[in-house]
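Here's a quick briefing on how some side chains pair up in a protein model. Have a look at the structure first, then work through the points below.

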Amino acid sequence: MSGGTEAPQPGGGASIPHPPAPTGRGLDPLTARRRFVTVSFLFWLPIGMSIATGVLLFTDRGMGLAAIAGFFAVHSLTAAAMELPTGGLSDVIGRRAVLAAAGLLNAIAFTLFGLAGAAWAITLGMALMGCARALSSGPAEAWYVDTVHAHAGPDADLRTGLARGSSATSAALALGTLLGGGLPWLLRLGPGVGEWLTDATGGLVIPLSVPALLGALVETVFVLYVLSALSEPPRPRATLREAVSGVPAAIGAGLRLGARDALIRRILLTASAAGAALAAMELLTPGRAAALMGTAESGALLFAGLACAGFLCSALGSQLAPLAARSTRSSERALLAGGGVVTLGLTLLGITTGSTSPLATTAAVTGYGLVYLGLGVAGPNANDLLHRRVDASGRATALSVQSLALQLVAAGAGLTVGILPPGPLPWLLAAGVVLAGALLWIRRAAPAKPYPDTVAPAPALPVPAGSTPER
């Protein structure tokens, strides 16, 4: 994309170039926001349903803990490996096609989880789910931002829509966790319902597999909705070879993001700090819950409740993100505030380790909620800054780079937490990482470089003249 005139950044940072002028065509921002929220909710609801029952389902299928750990490693490594290629693909062939492919892969994966008991089938499902995670990390949000910019121009409000989408994601995860944990219990509660279901299907379907199969159905609805609701302007017809040929350039542009732009580099480092916080939360909280309750089963039930509450806190934080930016007078300062809240939460969790007194338990639960609240505040504000820094040709790639930074650091932090001695040290180490990421936002970023140096456009399959891709 060619360079253009520059305007001051709303967040109080460096100046940025204007994207193309608004056309007033396409979906209006309110309609685009509703569709973005719906897509976010439908995609993440099945994933939330798998949280409460995933490990238990694999265990019931005869898998040991080592094998289950291997399954999740396949998911993480596949997602990390596919992040940049799939982000670039979205910028080349369009948001809708890539997002629909993500839903289709998830539907196949959930079907495998619900029906298959062999290790190879579960491994395949985890690989497909990891690929779907990579495919989905940018297109929906890029579609929304492109649509708003096309209709209302580069100065249109993005925070509110991004916050609503993030809240919808958190709400879907919270509701999904409750549904996933409650459905098998309800089937067992009914007189002989669970046994009848198992006998009628020859053991293929058991109560624990019902959430996965229901998740496959929801993913199918998601695909149909994406194809019908996320309108995009026509793109040039292309063969598979032509489409793939544009991806390496988009990947290269993504890898140059942090090196050439200080603001984007901070955003990536902030995402990395969030990955460290999430790794500590996901790995250390279940053990603390089990220790508090006395048994693994009771601890699992408590963890499901905490996870649901955490997602709700994240949704609340996302809703408060625009208010935080207005109160602090910039997205950058809102990021500093959000990181401070996360640091406080992790510190509370660290200093209460080893104590099960009512006061310590209350402080720990408060800290758990604060971590997700702070992450919810920070996310939309970070993405608001990101979208004002890149153009449509590299938007999904930029989101994929951001997701990749989070996942890689989360993987490394998880390994580090696993080898550290139990106690406050892992929590406080994560708190230190998050604090360092938050302190990056004390000072303003340097002025942006010309647009082509910030994010190079995907050379293959350019958008037709006079049109702007819609999210």
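Are F36 and Y144 buried or exposed? Both of these residues are buried. Keep in mind as you read that this is a predicted model.

**Aromatic pairs**

- When you look at two aromatic rings together, you describe them by how far apart the centres are and by the angle of the planes.
- The count for this structure comes to 7 aromatic pairs.
- Take F36 and Y144: their ring centres are 5.1 Å apart and the planes sit at 15°, so this pair is stacked, since planes under 30 degrees apart get that label.
- F36 belongs to helix α1 (residues 29–60) and Y144 to helix α5 (residues 139–152), so the pair ties together parts that are 108 residues apart in sequence.
- Now try F58 and F113, an edge-to-face pair with 5.6 Å from centre to centre and 70° between the planes.
- Here F58 is in helix α1 and F113 is in helix α3 (residues 95–115), so this pair ties together parts 55 residues apart in sequence.
- F58 and F113 are both buried.
- There's also a cluster: F43, W44 and F222 are linked by ring pairs.

**A charge over a ring**

- R266 has its charged end sitting over the ring of W441, at 5.8 Å from the ring's centre.

**Salt bridges**

- How many salt bridges does the structure hold? You'll find 2 salt bridges.
- One of them joins the side chains of R95 and D146, with 2.8 Å from N to O.
- Why does R95 count as buried? Its relative accessibility is 1%, and buried means under 20%.
- D146 also has a relative accessibility of 1%, so D146 counts as buried.
- D384 and R388 meet in a salt bridge too, this time with 3.1 Å from N to O.
- Both D384 and R388 are buried.

- Which residues make a nonpolar surface patch of about 370 Å²? The patch is made by W185, L186 and L189.
- L186 is found in helix α6 (residues 159–189).
- With 48% relative accessibility, L186 counts as partly exposed, because exposed would need over 50% and buried under 20%.

Conventions
Residues numbered from 1 in each chain as written. Predicted model: local features only at pLDDT ≥ 70, side-chain atom pairs only at ≥ 80, totals over all residues. Heavy atoms only, no water. Phe/Tyr/Trp six-rings, centres within 6.5 Å; stacked < 30°, edge-to-face > 60°. Helix = DSSP H or I, 4+ residues; strand = E, 2+ residues; numbered from the N terminus. Buried < 20%, exposed > 50% of the residue type's maximum accessible area, 1.4 Å probe, protein only. Lys NZ or Arg CZ within 6 Å of the ring centre and 35° of its normal. Patch = residues over 30% accessible without salt bridge, like charges linked within 9 Å, V, L, I, M, F, W, Y side chains within 5 Å. Areas by Shrake-Rupley, 256 points an atom, 1.4 Å probe, with all protein chains shown as cover. Salt bridge = Lys/Arg side-chain N within 4 Å of Asp/Glu carboxyl O.
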